[in-house]
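Hi,

Here is the structure I said I'd pass along. Have a look at it first, and my notes follow below.

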Amino acid sequence: MLDVDASIVVCHSEKEQAAATFKSTFGYHPILAFLDNSGEFLAGLLRPGNAGANTAVDHIAVLDAALAQIPDVHRHGVPLLIRAGGGPRCCSAWRW
């Protein structure tokens, strides 16, 4: 199972590409992908703080990079569940 989700990273000074976030802070809004059973970080995309949480193009880019990190033996012919969440009230899942 792969978990793909965005997070907020707060910066206390102006950094390259940092921007105001939807939580009234300043920093980044990266999308990260983790392997659920081991907690291993597979891929991420650093984005400005004002980037949208539901940007499909960014999710697909991180998912492609994450899938490339999984060895072929475990990636082909093995069911893979991909979860993209937005907190306790929202979670979507795809079978790959």
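Histidine 59 is found in helix α1, residues 56-69 (helices are DSSP runs of H or I with at least four residues, strands are runs of E with at least two, both numbered from the N terminus). This is a predicted model, in which local features need pLDDT of at least 70 and side-chain atom pairs count only at pLDDT 80 or more, while totals for chains, interfaces and linings use all residues. Residues are numbered from 1 along each chain as its sequence is written, and side-chain values use heavy atoms, with hydrogens and water left out.

Back to histidine 59: it counts as buried because its relative accessibility is 17% (buried is under 20% relative accessible area, exposed over 50%, partly exposed in between, with a 1.4 Å probe and protein chains only). Beyond neighbours within four places in sequence, histidine 59 is in contact with Val4, Ile31, Ala53, Asn54 and Ala84 (contact means heavy atoms within 4.5 Å).

Then there's histidine 29, in the loop between β4 (26-28) and β5 (31-35). At 3% relative accessibility, histidine 29 is buried too. Leaving out residues up to four places away in sequence, histidine 29 touches a list of residues including Phe22, Arg47, Pro48 and Ala51. A polar atom of the histidine 29 side chain lies 2.9 Å from the backbone oxygen of alanine 51.

Finally, the sheet: 3 strands make an open, antiparallel one in the order β2-β4-β3. β2 (9-10) and β3 (19-20) are its edge strands, each pairing on one side only (two strands pair if DSSP finds at least two bridges between them).

Cheers

Methods: A polar contact is a pair of N or O atoms within 3.5 Å; within protein, one must be able to donate a hydrogen and the other to accept it, and residues adjacent in sequence count only if both atoms are side-chain atoms.
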